[in-house]
Amino acid sequence: TYLITEDFRKLRRVLNEIMDFSGKSAREDITDLARILFIIAWIELQDFEYGEHHQKNAYQYFLRHRYTGFYRMTIELLRGLMRQNETREQLLIRYLADLDALVEETGKSPFGMMELRIWARARSRGVPLRKVFQEMIEK
């Protein structure tokens, strides 16, 4: 709920707890999503220096474990958002198209794709995440 309500400070705190738990018996898909959302929280708080530090750590982690498809696209998006070489809107629209192509190709949606899709759609349109979430529910 902290993602949808855009309380990124609280989201960051909860995600940090999840990542601290990751060395134990936590599900990998949950801790992987936590790594990604943690970086998004730093981007949303506009702390690009710290966000870039976590993005590099996540890149190294995914490179060793599963740097394919969904994770590769997402890390590349986050890298682009921090570099700001292209407009944020262009990066997010391309990311959404890449997610659609991935689902089309594989026939499945990875864990966390819905949350990232809500965030990317909201940011590409310049509207609150809650609005995009409500639109999805109403469909």
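From the N terminus onward, the elements of the protein chain run α-α-α-α-α-α-α. The chain holds seven helices and zero strands, where helices (H or I, at least four residues) and strands (E, at least two) are DSSP runs numbered from the N terminus. This is a predicted model in which local features need pLDDT of at least 70, side-chain atom pairs count only at pLDDT 80 or more, and totals for chains, interfaces and linings use all residues. Residues are numbered from 1 along each chain as its sequence is written, and side-chain values use heavy atoms, with hydrogens and water left out.

**Overall dimensions**
- The C-alpha atoms fill a box of roughly 40 × 35 × 35 Å along the principal axes.
- Of the 139 residues, 41% count as buried, that is, under 20% relative accessible area with a 1.4 Å probe, protein chains only.

**Helix 2 and helix 4**
- The axes of helix 2 (residues 28–44) and helix 4 (residues 69–83) come within 11 Å and cross at roughly 15 degrees; axes are lines fitted to C-alpha atoms over the stretch in contact, and angles run from 0 to 180 degrees between N-to-C directions.
- Helix 2 is therefore roughly parallel to helix 4 (angles under 35 degrees).
- Asp32, Ile36, Ile39, Ile40 and Ile43 in helix 2 meet Tyr71, Thr74, Leu78, Leu81 and Met82 in helix 4, contact meaning heavy atoms within 4.5 Å.

**Gln55**
- Gln55 lies in helix 3 (residues 48–65) and is buried, at a relative accessible area of 5%.
- Beyond residues up to four places away in sequence, Gln55 touches Ile39, Ile75, Leu78, Arg79 and Met82.

Conventions
Buried < 20%, exposed > 50% of the residue type's maximum accessible area, 1.4 Å probe, protein only. Parallel < 35°, antiparallel > 145°, perpendicular 65-115°, else oblique.
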